[in-house]
Amino acid sequence: MSLRHATLHQLRIFHAVAQHSSFARAAEALHLSPPTLSLQVKQLSESVGQPLFEQLGKKIYLTAAGRTLAAACEDIEARMERLGEDLAALQGVERGSVKLAILTTVKYTVPKLLGGFCAAHPGIDVAMVVGNREKLLQRLAGNEDDLYIMGQPPEQMDVVSEAFADNPLVLVAPSDHPLVGKKRIAPERLRNEPFILREPGSGTRLTSEKFFADHGIALKNRLEVGSNEAIKQTVAGGLGLAVLSAHTVTAELALGELVQLDVRGFPLIRRWHVVVPRGKRLSAAAQAFKDWLFTHR
């Protein structure tokens, strides 16, 4: 086996076929004729010395050699993209792209910083995915993004995390709740209060449940709601109390739609973290945004 005669062009063609699981669709995506594409894949297979695809019925599947080569192609594509960004940086030209995945709660703060970054670095394209903790952990496991911003770094993954800002959690109630205006409320007084909670696994929920458990209290779960916006509306409607990031309720507190209760031990202080898989090499553009985040936090 010798890959000395394999070309980047052949590898990109093969990678397209692997991604589309179809010679025809890959040919269409690359604007090549099917015979030309098939010839390139055949020549690459000969260089590898093993078949890269097998056909079962009308479908094609990667062989073991094909899967190994496809993984290598992804590494090569990523390295070529970083090379282009590094060369551009050496020339003093800012370009490239950044892929961010941020926790739902962070959408109240990070996009404001992102706007300033994009204005200062107009040559850098930024894509941002917003999701709950479970979604971010799935994307992190698949190394789908450059940077992940979340509250509680995952203990079960090999990652590097850096805290860059406080995230205080406050306990909010509807404006007509009997405890509104009371000072230094003991946590035990909330034992029978109904709570509106985020989904299981949410960092905010884990933190609040731990706080009350330390006081011998199991939260009375009235509803589980998947978004902060829905929780705020549910609390304002009088269905229960909730623990939320202070950043998410600024407007509602100012308008009097919600009231922050003065409970001993609150606010609970958490931190926002920038998380990346250990060993991940950030592109020049991703590093620029990370630096911006810490400078302008």
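Q: How many cavities of 30 Å³ or more does a search of the whole structure find?
A: Three. A cavity is a set of points on a 1 Å grid over the protein atoms alone where a 1.4 Å probe fits but cannot get out. This is a predicted model, where local features need pLDDT of at least 70, side-chain atom pairs count only at pLDDT 80 or more, and totals for chains, interfaces and linings use all residues. Residues are numbered from 1 along each chain as its sequence is written, and side-chain values use heavy atoms, with hydrogens and water left out.

Q: What volume does the largest cavity have?
A: About 80 Å³. A volume here is the space filled by probe spheres set on the grid points, which are joined across faces, edges and corners.

Q: Which residues line the largest cavity?
A: Among them are Arg133, Arg198, Glu199 and Arg270. Thr104, Asn132, Ser202 and Asn228 are also in the lining. Lining residues have an atom within 4 Å of a point.

Q: And how does that lining of the largest cavity divide by class?
A: One nonpolar, seven polar and four charged residues. Ala, Val, Leu, Ile, Met, Phe, Trp, Tyr, Cys and Pro count as nonpolar, Asp, Glu, Lys and Arg as charged, and the others, Gly among them, as polar.

Q: What about the second largest cavity, what volume has it?
A: About 60 Å³. Its lining includes Phe195, Ile196, Ile231 and Val243. Strand S7 (194-197), helix H7 (203-214) and strand S9 (242-245) each give two or more residues to that lining. Helices (H or I, at least four residues) and strands (E, at least two) are DSSP runs, numbered from the N terminus.

Q: Which classes are in the lining of the second largest cavity?
A: Six nonpolar, two polar and two charged residues.

Q: Switching to helices. At what angle do H5 and H10 pack?
A: About 125°, with the axes of H5 (residues 110-120) and H10 (residues 284-295) 10 Å apart. Axes are lines fitted to C-alpha atoms, for helices over the stretch in contact, and angles run from 0 to 180 degrees between N-to-C directions.

Q: Which residues make the contact of H5 and H10?
A: Leu113, Leu114 and Phe117 of H5 are among them, as are Phe289 and Trp292 of H10. Contact means heavy atoms within 4.5 Å. By class, there are 10 nonpolar, one polar and no charged residues.

Q: And H1 with H2, at what angle do they cross?
A: Roughly 125°, and their axes come within 8 Å. Arg12 and Ile13 are among the H1 residues that meet H2, and Phe23 and Arg25 among those of H2. That contact divides into seven nonpolar, one polar and two charged residues.

Notes
On a 1 Å grid over the protein atoms alone, a cavity is a set of points where a 1.4 Å probe fits but cannot get out, and a pocket is an open set with protein on both sides within 12 Å along at least five of seven lines; lining residues have an atom within 4 Å of a point.
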